[in-house]
Amino acid sequence: MAREEHADPAAPALRARRTGAQILWEVLRQEGVEVCFGYPGGAIMPAYDALLGYPEIKHVLVRHEQGGAHMADGYARASGKVGVCIGTSGPGATNLVTGIATAMLDSVPMVAITGQVSSKLIGSDAFQEVDIAGITLPITKHNYLVTRAEDLAQTLREAFYVARSGRPGPVLVDITKDAQQASIDYVPHTRPVRLPGYRPKHALHEEQLAKAALMIAEAHRPLILAGHGIVKSEATRALLAFCEKTGIPVASTLLGLGGFPASHPLALGMMGMHGEAWVNHAIQESDLLIALGMRFDDRVTGNLKTYAVKAKKIHVEIDPAEINKNVKVDLGIVGDVREALQALLPRVEPKARKPWSARIHELRGDSAVRDIQNLPDTGHLYAAHVIHDLWRLTEGKALVVSDVGQHQMWEAQYYRHDYARKLITSGGLGTMGFSLPAAVGAKFAKPGEEVWVIVGDGGFQMTACELATCAQEGIKVNVAIINNGFLGMVRQWQEFFYDGRYSATPMKSPDFVKLADAHGLVGLRVTKRDEIAAAVAKARATEGTVVIDFRVEQEDSVYPMVPAGADLHDMIRRPSPLVEKADDP
Amino acid sequence: MTDRPTLRTFIAYVHDRPGVLARIAMLFRRRAWNIVSLTVGGTHVAGLSRMTIQIEADDDAARRVEANLYKLLEVLWVKDITREPSIKRDLALIKVKADATTRAQVLQLCEVFRAKTVDVSQEGLVLEITGTEDKIQGFLEVLRPLGVIEMVSTGMIAITRGAEAPPIEAWLNVGHDRDDVGDDEAAE
């Protein structure tokens, strides 16, 4: 099958002499790419030279290719469009790897473009040669090596199509230098991409929908588990309609937060290792779990042997390979979660389940007394205070990008997300250093949004170089460093499970205020709770990126906690003087 | 239905492109599925290769093997033929010691196993045998006392009985989006 057949014969007038490098930008423009994040180098120089002829595509010079990949990721998650990052061959390409894997684990549509040594040099261990297609095989949805300019347009169009369709994911296109340099007669391709071996769409089956409706009608203690798929398929309204009709409460995964409004009476909050206790107990007591666009990650289920043993399970998921992977389900429905919810809506009936609502209400009450917000003020600054105040001060409307660790869990607990695509975080891979660059990408996607980074002192230092990118681009993100002087989550595990032996977790950091200053940015420091509001107000009023160093309690822990591999209902709870006093006979 | 791992046989039609075998091998490695046997060869359709894959898997894992293979863009069609009436064959070439005193004995064994002699020399013979793995193993065992010098086998290839054809050419020609294929197996 000749590739040339895809060219549209109706458009001979558009035929022109183009280099491979020009074709790259032509296709990106055709795909609607407005901005890309990259770093030049030898093998990608022809593409960078041609870029000057395409001023409508904004290029952001990053400080490290990992940051470029996270920016493309953040752009994609905030906008729902495909994010694009670019690097050169060899180290440029390997630096992208963590960012590509991050996007893969969280199903983020991304196209990563890398330069490659000339085709004649491939396999010779040439300078800056690395087999990036081989390296990224298990962390891309698909990847390509292009050695001829003739193949470039079709390959790039396939890459965008594959990245955004079905279960989205990153696609890498590795382009040799000679393929960028060669000139060919080019006609823009306009026909739809046709891939016989690819099936992103799955039709819903009538009998499965009927079975699901029956299971829902018979359930006394049903629960919806809403995942990232709700956000990705823009299913918020469909989910709201479904829940309000059936009265079934909704628990969310970390990446599902915001897919269902946190302030809704049927919203329970986050499940899993650091989920709310009432949510985990409700899962264990449920008789029907309706899992929507989630994949029963081990951080969500705990011990699989004791996970929701009383519950039948319906799993609606776009990727057939996820059905029965971790949790055996009674009914698997392969398809788009929004389409499935819309198809189910007319088949379900309202049903009052008063004992179940009462039980969940009771479980909630137990947790409130352990909430740090309700504990006596010790004069210490807690991360939970910072994040809760930030939520209040921004009226819950900010686009928050969190990093990985304790602060990420506190963010999930205390910044209550009412809107989809307003929480961006690395859930699957758990990539420290994700947040600052991802926030830069999100800001390019949504320039009108107030963007806050919530990051630990450890994660911040992994990609802090991207402050220079913020300064160069003149973009505004607000960075809240939850600075506890430790690698907090590892420290917490050491406290709980390693007899408090703090191996390699105490961390001495630079003066973050001066670091911001060195970049020509504003830096602030907060050490008391009553300073939070003023600092947040100052940050919001300042033009350009602001860094706030929140010096929080050093040895606080995230509660509740299901130890890794433990039963989901077996949680370590926050010690509470209120509860302990009440328990005293 | 069984939830104990048993030997499963899959056939897969794939585009004959560079790196396809690496992608499939990588998929099995990454999911920690152990390949018992994997053979690849051409087909009657230009540009397509056909694989016969044997792995140990229970029913659930088998479904996921199929679903994961379908996620590879090069894979056109997968079928678990473990329970289908099918013909399974291995081909082996066995070099065995055979001088004037033992040659007749070897040739007699060949006749019993319907093996062919494909090379004769002063001190040995090369024998060709096709059949199931069991038959080849049986042949090998009776030859062993006579002195097996070297052997090679293709690994198993399989085809279903009857006249049913995989809908490969239709996909290639029409290129529909395959809404109708594979979902049922994956989603129960």
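In the predicted model, 27 residues of chain B are in contact with 22 residues of chain A. On the chain B side, the elements that each give two or more residues to this contact are the helices α1 (20-30), α2 (59-71), α5 (168-174) and α6 (183-187), together with strand β4 (75-80). Of these elements, α2(B) gives the most, with 7 residues. Sorted by class, the side of chain B that touches chain A comprises 12 charged, 11 nonpolar and 4 polar residues.

Chain B itself contains 6 helices and 9 strands. Its C-alpha trace spans about 65 × 40 × 30 Å along the principal axes. Of the 188 residues in chain B, 28% are buried. When contacts in chain B with a separation of 6 or more are considered, residues 24 or more positions apart account for 74% of them.

Chain A is divided into three segments, namely domain 1 (3-186), domain 2 (206-366) and domain 3 (378-551). The C-alpha centres of domain 1 and domain 2 of chain A are separated by 38 Å. The contact between these two domains takes 5 residues from domain 1 of chain A and 5 residues from domain 2 of chain A. By class, the side of domain 1 of chain A that touches domain 2 of chain A consists of 2 charged, 2 polar and 1 nonpolar residues.

Within chain A, residue A:L223 was examined individually. A:L223 lies in strand β9, which covers residues 222-226 of chain A. This leucine counts as buried because 25 C-beta neighbours lie inside 10 Å of A:L223, where the criterion for burial is 20 or more. Apart from neighbours within four places in sequence, A:L223 is in contact with A:I248, A:P249 and A:A251, as well as with A:A282, A:I283, A:S286 and A:L289.

Definitions and conventions:
Residues are numbered from 1 along each chain as its sequence is written. Chains are lettered from A and ligands numbered from 1 in the order in which they are written. This is a predicted model: local features need pLDDT of at least 70, side-chain atom pairs count only at pLDDT 80 or more; totals for chains, interfaces and linings use all residues. Two residues are in contact if their C-beta atoms, placed from the backbone, lie within 7 Å. Helices (H or I, at least four residues) and strands (E, at least two) are DSSP runs, numbered from the N terminus. Ala, Val, Leu, Ile, Met, Phe, Trp, Tyr, Cys and Pro count as nonpolar, Asp, Glu, Lys and Arg as charged, and the others, Gly among them, as polar. A residue is buried if 20 or more other C-beta atoms lie within 10 Å of its own, exposed if 12 or fewer, and partly exposed in between; C-beta atoms are placed from the backbone. Domain bounds come from an automatic or database domain assignment.
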